[in-house]
Amino acid sequence: MRKEYRVGIIGATGMVGQRFVTLMEGHPWFRLTAVAASGRSAGRTYEEAVKDRWAMSSPIPREARDLVVLDAQADAERLAGMADFVFCAVDMPKDEIQALEERYARLECPVVSNNSAHRWTEDVPMVVPEINAGHIRLIDAQRARLGTKRGFIAVKSNCSLQSYVPALHPLRKYGLDRALVCTYQAISGAGKTFERWPEMVDNCIPYIGGEEEKSEREPMKLWGTVENGRLELAQGPAITAQCFRVACLDGHMAACFMKFQDGRKPSMEQIKADWAGFSGRAQELNLPSAPKQFLHYFEEADRPQTRLDRMLENGMAVSIGRLRPDSQYDYKFVCLSHNTLRGAAGGAVLLAELLCAEDYI
């Protein structure tokens, strides 16, 4: 029988934090035991703290309602003693997030983070379990640096990557040379709803601060190799990106164009077969949150669609469609992932499951 893990959520009152809370309901391995946020929410029950801004479609889970919200800063030692590990999804300046997460790690409480603050810390693994599960070996070097036995920080990648990087990943063996991607990102990625962001109704904003840089750089870390406790970044394929905020509640879509090295271009039939057959460590271990099939291809000309397909396999699969030749690149296609499930809280839960299964937690 697998151990039951006690889980804390830091930043539990925000959009992603709320999603973490819902994902703990009925989880076969994880039991929510503590929630924390800023001092403004501390001391109230979770239900009292979020009742006026609960953004999920399902009600507040019963096991979370009466938990007293802790102060993520002032109550750190107490929270660390109440949980086997914590999820972190806070809205703070980068340097403050780095300090907060490292404090919990030094308190011997592993941190699985949705934040970007530690994505470029050299010995912090940034993991999509189907793509680079082996990067969790960096934790050994991180623990040596921190002087910890249990504590560490692991992060998930930016939410926009979760649509196109999984689709590109199994095609790298053909000498994938470069890709151009345009992402169309839902408002929940900004922690908003239409009620709280009415100017997004019937609108599209062609700018998301820092998003294009993340979209171009972070795949190189995901595709890097771990050698002697150090991560060597991948040198390609080169990616250029443009990112748009669009009037969808959930679901990040991408239009992707790809070019292969001369003489190595696969056929469309081979690409579709590679997508259909692709799986990773998450499927091998049969992790609770892992989709049975990670990549789904739709033959219909008008799919995937955000409203129809974002919840595929409980929001943890990637939908792909419209693969066809391109006049400037070799091929183009569209893809879709659920940004607060696969791209945020769900991806972090899957990472935590991997870390538990591999005995890092």
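**Figure 1. Secondary structure and overall form of the protein chain.** In this predicted model, 14 helices and 15 strands make up the secondary structure of the protein chain. The radius of gyration is 20 Å, close to the 21 Å that the globule rule gives for 361 residues, so the chain is as compact as a globular protein of that length. Taken along the principal axes, the box filled by the C-alpha atoms is roughly 60 × 50 × 40 Å.

**Figure 2. Burial and contacts within the protein chain.** Buried residues account for 58% of the 361 in the protein chain. Contacts between residues at least 6 apart in sequence were also examined, and 76% of these join residues at least 24 apart.

**Figure 3. Surface and charge of the protein chain.** The accessible surface amounts to about 15300 Å². Carbon and sulfur atoms contribute 46% of that surface. The protein chain carries 45 positive and 47 negative side chains. The centres of these two sets lie 1 Å apart.

Figure 4. Is S41 buried or exposed? The relative accessible area of S41 is 3%, and buried means under 20%, so S41 is buried.

**Figure 5. Contact partners of S41.** Which residues is S41 in contact with, leaving aside its neighbours within four places in sequence? The partners are T13, A49, R53 and V69.

Notes
Residues are numbered from 1 along each chain as its sequence is written. This is a predicted model: local features need pLDDT of at least 70, side-chain atom pairs count only at pLDDT 80 or more; totals for chains, interfaces and linings use all residues. Side-chain values use heavy atoms; hydrogens and water are left out. Helices (H or I, at least four residues) and strands (E, at least two) are DSSP runs, numbered from the N terminus. The radius of gyration is taken over C-alpha atoms; the globule rule is 2.2 Å times the number of residues to the power 0.38. Buried means under 20% relative accessible area, exposed over 50%, partly exposed in between (1.4 Å probe, protein chains only). Contact means heavy atoms within 4.5 Å. Accessible areas come from the Shrake-Rupley method with a 1.4 Å probe; for residues, only the protein chains shown count as cover. Lys and Arg count as positive and Asp and Glu as negative; His and the chain ends are not counted. The place of a charge is taken as NZ of Lys, CZ of Arg, CG of Asp or CD of Glu.
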